[in-house]
Amino acid sequence: MATHRSAKLSERKQPQQTRSAELVAAILQAGAQVLAKEGAQRFTTARVAEKAGVSIGSLYQYFPNKAAILYRLQMDEWAQTSGLLRRILEDASQPPRERLRTLVVAFVRSECEEAVMRVALNDTAPLYRDAPEARATKEEGARIVLVFLREALPQASDAARTLAGDLITTTLSAVGKQFSETPHTAEDIDAYAGALADMLCAYLDSLASSARE
């Protein structure tokens, strides 16, 4: 992309009223649609403003450039992923093994449903890779997984749980990304997600068994 990492990424101002919040939401929705259709290379503020049905001046009141819109879209995606992790892994009403299975299936489905948007946002990754929010999001995801593993593997060492958390999240991210890059039927997605869940749950069972010995 022509946009450099030094470009201003933060929003110009935060919406304070309902009407302003609705305007920002419309801009972001239009941004997501333009990004999915045009890709990162052809993404422009003019296209977003036109799609949102607002003036370019109104858009610039909240987003100083296209990088700021893309950054907000990426932040929202990170927030959704963290929310998915938290909602499933912190559900104490389900045993740990079932929580892990539910997470794997939900994650793979989400990756496939949002594949076009994710691929487009990946093209902008150099803009955000070193941003504090990117590091904070990664750290928060790791914390959620580690808390879950402390419950799932109470007898395991901290080092073993840390390694397990890294392997689980890395596997989910890499496999989900690769699998979602080509279209699949709902049946194929569920079958693949189920097989991946079987593998990771077996890994969790193996760790639990080893920790008890």
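**View 1. Confidence along the predicted chain.** For the chain, the mean pLDDT is 87, with 89% of residues reaching 70 or more. Over residues 1-7 the pLDDT is below 50, and this stretch has 15 contacts in the model beyond near neighbours in sequence, a contact being heavy atoms within 4.5 Å. Where pLDDT is low, the predicted coordinates should not be read in detail.

**View 2. The aromatic pair of Phe-179 and Tyr-192.** The structure holds one aromatic pair, defined by ring centres of Phe, Tyr or Trp (its six-membered ring) within 6.5 Å, with planes under 30 degrees apart counted as stacked, over 60 as edge-to-face and the rest as tilted. The ring centres of Phe-179 and Tyr-192 are 3.8 Å apart and their planes stand at 10 degrees, so the pair is stacked. Because Phe-179 lies in helix H9 and Tyr-192 in helix H10 (residues 186-212), the pair ties together parts that are 13 residues apart in sequence.

**Notes on the model.** Residues are numbered from 1 along each chain as its sequence is written, and side-chain values use heavy atoms, with hydrogens and water left out. In this predicted model, local features need pLDDT of at least 70 and side-chain atom pairs count only at pLDDT 80 or more, while totals for chains, interfaces and linings use all residues.

Technical notes. pLDDT = per-residue confidence, 0-100. Helix = DSSP H or I, 4+ residues; strand = E, 2+ residues; numbered from the N terminus.
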